[in-house]
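This note sets out some points for a student who is reading the structure for the first time. Please keep the sequence and the model in view while going through the numbered points.

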Amino acid sequence: MPEPDRSSGEIFSVENLTVTFKTGTGDVYAVRGIDFSLASHEVLGIVGESGSGKSVTAMATMGLLPRNAVITGSVRYEGRSILGLSEKELAPIRGAQIAMIFQDPMTSLNPVYTVGWQIAEAIRAHQDVSKEEATKKAVALLQTVGIPNAEARVSDYPHEFSGGMRQRVVIAIAMANDPTIILADEPTTALDVTVQAQVLSSLRTALEQTGAALLLITHDLGVIAGFADRVLVMYAGRPVEVGTAEDVFYRPAMPYTHGLLGSLPRLDSDERQPLRQIPGAPPSMTAEPVGCPFAPRCPLRADICETEEPPLRPVGLSGNGAGEAVGAASGHVAACHFADQVVGMPVASMFPATSVDQEEVAS
Amino acid sequence: MTEIPGLSPGEERLRIGTTEAGMHTIPSVGPADPRSAPDSSGLAEESRGQLATVVWRFIHSPMAITGLAIFAFLAISSLLVGAFWHYSYTAITNTLNAPPSWSHPMGTNAIGGDLFAQVMHGTLQDIEIALTVAVVATSLGTLIGATAGFYRGKTDTLLMRFVDLILVIPVLAILIVLANKVSKESSDWFYLALIIGLVSWTYVARLVRADFLSLRERDFVEASRALGATNRRIIVRHMLPNAFGPIIVNATITVALSIVLESTLSFLGLGIQPPNVSLGLLVDQGQDSATTEWWLFVFPVIFLVILILSIFFIGDGLREALDPRKSRVRA
């Protein structure tokens, strides 16, 4: 098999992907058009709150959605369209080329098998190796992801592991076949904060060992900040801001991103800032929104926001604000009519604080 | 990751809670058994394999182990009696209608047959039939139930309506028609077992379907699909083992019920045909003389009841042993 060129270039691209669920009470527009691509070795983070379509996007690309989901657009893996392939055609790609890590390690492992068996099973699903060889590789994988005493632990059942350990087992399974891409769907959400760091370091090891690209889906901006090369912020089924981690975190150009960052406790700055909140709730996805879906919650709302949904536009082209030129060159785009004004705006002027003791904080 | 060497597990755990460095320490417990530590909930999982746990719980249930002992005793002794007892079940002696005595422990019947040999052979015959039925019904029911539950939709509707169809036809009516036809053409017990099996798979099918409907929504099934497992692999290797508990329990119940069914048929003269004997046939033959030659009726009935009860006890013990809610014990 010719080794695909892993040094550069796109290996995975999603174009104008939409997912609509046909339900008894009407259509649900879960994903309303998303484009992104993944270069080899790249880490792309997708952030957004619950219901913004992050997980559905990942599931759709893998063909894992239920039958009532209508998917349009295109998903290409190494130039080949994989959307709409049959289960049979997808099976050799899943796990071997594109592996997936699920959110809850408590339920994503089979309770009746030892973890060693499950890792070996993942290997044997794609490679023609003996049971002994597969088990030997399972031990090595467990060591790689940082399970102590792997030789003994390989014959333990999932219920004998803690949550963080189980997620590391899941990571070991994902890297078992040296995939080109790993899709991680909220890999740390179900875990304790202290364990998250360990699991993330296992995930980093997995990336280093396999050389895989990572699509990291999470609502935890802290995880994204430490991990992703590029960030895609999703809201109401569409990307609202895409850029390098640097651009998105330091020069956010969409009020929603601003709000998300303002709601994050910062331990790295000396300045004491009250946490900000984004008032309101995300819109219901049962109807296609008219205008900008974030408008009802947006502090900068204007008349145009009510009528026209802004497309993704390069930031910094109009020559106003801190992101000028830098943003445009790095592919920083945002879906906001006032993107260039938002860049550099202090978050305190946009969103209210979560607590009332502002005087106390200020003094 | 920083390791803290030279600390016993307890100290190390303390350290993790208190120091900055500990935050990134994998709580390595060293070569000592890492499984013996109870988790934070104060509950400890029993640190054995699942099979070992089930076996342990089974043999520690007095009822289950009694049932198993009686069943094993009946099966083994019926084999031994068939091989070594000085009368065969087909033998005809010239002692007619004799009450129990040393040479005929259960007496003889009107044509001089030794009832002990017949009862023991009948027991063996019932066990053979029952096990065959269990295998046929369980495999057929599992196959159909798993297919319906996994694929849902049209496949499910079609298969389940077929199950309903078989369920609404009175079982005894089908058996009477089929058994009558078959037993006239062939006196082989195997065909009888096959027929009983072909009508008793429906409960297994519904059970397995229900289990699969819930299993298919579990994350690990999705995860194995995401790892490239084919449908067949998911069903056979990932889902079926998770449904083993109820399937096995149901199989035991099928064993007991098929003995009842076989006895009913034989009692009606549609089951096992002479000169072969089964317990049901013996009860049928003994009922006329139940008040005079009581042994002809009482011994087969006692054996039939004991056999069925022992199997129910085993099934009950298995159900308890396989119950996942009992897998946790207070540490």
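**Note on chains A and B**

1. A:L183 has A:L215 in β8(A) as its bridge partner. The two strands concerned are β7 (residues 181-185) and β8 (residues 213-218) of chain A, which run parallel and are joined by 5 bridges. Strands are DSSP runs of E of at least two residues and helices are runs of H or I of at least four residues, both numbered from the N terminus. Two strands pair if DSSP finds at least two bridges between them.

2. The model is predicted: local features need pLDDT of at least 70, side-chain atom pairs count only at pLDDT 80 or more, and totals for chains, interfaces and linings use all residues. Residues are numbered from 1 along each chain as its sequence is written, while chains are lettered from A and ligands numbered from 1 in the order in which they are written.

3. The sheet of chain A may be considered next. It is an open, mixed sheet of 8 strands in the order β6-β7-β8-β3-β9-β10-β12-β11. At its edges are β6 and β11 (313-314) of chain A, each of which pairs on one side only. Helix α6 (residues 163-174) of chain A lies across β6 and β7 of chain A, and runs at about 175 degrees to β6(A). Such angles run from 0 to 180 degrees between N-to-C directions, with axes fitted as lines to C-alpha atoms, for helices over the stretch in contact.

4. Is strand β9 (residues 230-235) of chain A mostly covered or uncovered? The strand is mostly covered, since 6 of its 6 residues are buried. A residue is buried if 20 or more other C-beta atoms, placed from the backbone, lie within 10 Å of its own, exposed if 12 or fewer do, and partly exposed in between. In a regular strand the side chains alternate between the two faces of the sheet. In β9(A), A:R230, A:L232 and A:M234 point one way and A:V231, A:V233 and A:Y235 the other way, and all are buried.

5. The pairings of β9(A) deserve a separate point. With β3(A), the strand β9(A) pairs in the parallel sense over 4 bridges, and here A:G45 stands opposite A:V231. With strand β10 (residues 238-244) of chain A, β9(A) pairs in the antiparallel sense over 6 bridges, and A:L232 has A:V242 as its bridge partner in β10(A). The hairpin of β9(A) and β10(A) has 2 residues between the strands, and in this hairpin A:A236 takes a positive phi near 50 degrees.

6. Why is α1(A) described as largely enclosed by the rest of the structure? The reason is that 9 of its 9 residues are buried. The buried residues of α1(A) include A:K54, A:V56 and A:M62. A:G63 follows α1(A) and has a positive phi, near 70 degrees.

7. A:S50, in the loop between β3 (43-47) and α1 (54-62) of chain A, counts as exposed because it has 8 C-beta neighbours inside 10 Å. A:S50 and A:T218 are 168 residues apart along the chain, and their C-alpha atoms are separated by 9.5 Å. A:E87, in helix α2 (residues 87-90) of chain A, counts as exposed because it has 11 C-beta neighbours inside 10 Å. From A:E87 to A:M165 the distance is 78 residues in sequence and 31 Å in space, C-alpha to C-alpha.

8. The domain assignment of chain A gives domain 1 (10-228) and domain 2 (264-362); such bounds come from an automatic or database assignment. Their contact takes 9 residues from domain 1 of chain A and 5 residues from domain 2 of chain A. Two residues are in contact if their C-beta atoms, placed from the backbone, lie within 7 Å. On the side of domain 1 of chain A that touches domain 2, β2(A) gives the most, with 4 residues.

9. Where chains A and B meet, 32 residues of chain A and 27 residues of chain B take part in the contact. On the side of chain A that touches chain B, α3(A) supplies the largest share, 4 residues.

10. Chain B itself has 12 helices and 2 strands. Of its 331 residues, 37% are buried.
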